[in-house]
Amino acid sequence: MDDLLFAARNLFYSGNYTQVIADTTSSRAQASANRVTAHQLDLFLYRALIATKNYTRVAQDITESHALGLQALKAQAVYLDAVQSADATGRDAALAHLREMLQVHSPEDPQPEATALEVKVVVGQVLASEGLVEEALTVLLPHNNHLESVAVVVQVYLQMNRLDLAKKEVEACKSWAEDAMLAQLMEAWVGLRTGGGDRYQNAYYIYEEIATSSTSPTVKSLVGEAVCNIQMGQYPEAEGILQEALTKDPTNTDAIVNQIVLSILLSKPTEEINALVQQLQSVAPNHAYLQDLDLKSSLFDRAAQRYAIV
């Protein structure tokens, strides 16, 4: 049973969400799981459903009778659904509910510390996505060598451009979780931000190893490989990989954004770049890249007006 949980964990981290859903809902998994393992499998099931934007099923399946860690995932699904539908009221209500869950403790919980960490990881992710990085760190620290908490902390530090602190977390993590896939992914994230040929190449090897560990490379691992190639100036290789990723999932926002960046670097026709931007708008109208693009366009227009010939 530990093998099944180990496999589900790595499948999730590699981005093979469809297989996670299939494996964790199989009759074999349900029949042979003990209480703790069954709960862990459920966590990965619903996280995979969230990753595939199946928010409605998560919200419907999880009830108040479920463990608090699962209820946090339900709140996250409700939050993400509100973000996707531009429902500001629903978004604020879901965020408030997640904050409240940090204070909830069940006297019947056999693993209160593990539950608290499960909730904190979810809340930390949501706070970071809102740009509330200081609050996210307050929730997540100290993490007591909890690998998923460390991963979110590293992402938050990178979001804050605190590469020094992100490096420190990854280096410390190597002493107790060096072989874990998530630890390797953290090393790749930091390597890509640190820069330098060796670091880019090492990050590429990590994503390549993850891609080859499955029967078919996932979109997540392909995008990781493509980003490494872009950083190394290997644009044709990156283009082929991104095309493969977009063939697998034309709605993947990371693949689309990196294809936009690569198209600009390759001096592709404006019409082709605009088509990609429109594709992103149709999939994720509130995406951070589009918001930044609108801001930059507005600033450019304002600057241009200052020099306009009257």
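First, the ground rules. The model is predicted, so local features need pLDDT of at least 70, side-chain atom pairs count only at pLDDT 80 or more, and totals for chains, interfaces and linings use all residues. Residues are numbered from 1 along each chain as its sequence is written, and side-chain values use heavy atoms, with hydrogens and water left out.

Let me start with α16. Helices here are DSSP runs of H or I, at least four residues, and strands are runs of E, at least two, numbered from the N terminus. Helix α16 covers residues 253-265, which is 13 residues. From first C-alpha to last, α16 reaches 18 Å, close to the 18 Å expected at 1.5 Å a residue; the expected span is 1.5 Å times one less than the number of residues.

At the start of α16, a side-chain oxygen of Asn252 comes to within 3.2 Å of the backbone nitrogen of Asp254. Just after the helix, Ser267 has a positive phi of about 55 degrees.

Now to burial. I call a residue buried under 20% relative accessible area, exposed over 50%, and partly exposed in between, with a 1.4 Å probe and protein chains only. The buried residues of α16 are Thr253, Ala255, Ile256, Val257, Asn258, Gln259, Ile260, Leu262 and Ser263. They pack against four helices: α14 (219-231), α15 (235-248), α17 (270-283) and α18 (288-306). Contact means heavy atoms within 4.5 Å.

Which residues does Gln259 touch? Leaving out residues up to four places away in sequence, Gln259 touches Glu239, Leu242, Gln243, Leu246 and Leu276. Gln259 counts as buried because its relative accessible area is 7%.

Next, the backbone elsewhere. Most residues other than glycine have a negative phi, and most peptide bonds are trans. The bond from Leu141 to Pro142 is cis, with omega near -5 degrees. Pro142 sits in the loop between α9 (133-140) and α10 (147-159).

Two loop residues have positive phi without being glycine. One is Ala86, with phi near 55 degrees, in the loop between α6 (68-84) and α7 (88-101). The other is Asn161, at about 60 degrees, in the loop between α10 and α11 (163-177). Are these residues buried or exposed? Ala86 is exposed, with a relative accessible area of 57%, and Asn161 is also exposed, at 58% relative accessibility.

That is the end of the talk.

Methods
Polar contact = N/O pair within 3.5 Å; in protein donor to acceptor, adjacent residues only side chain to side chain.
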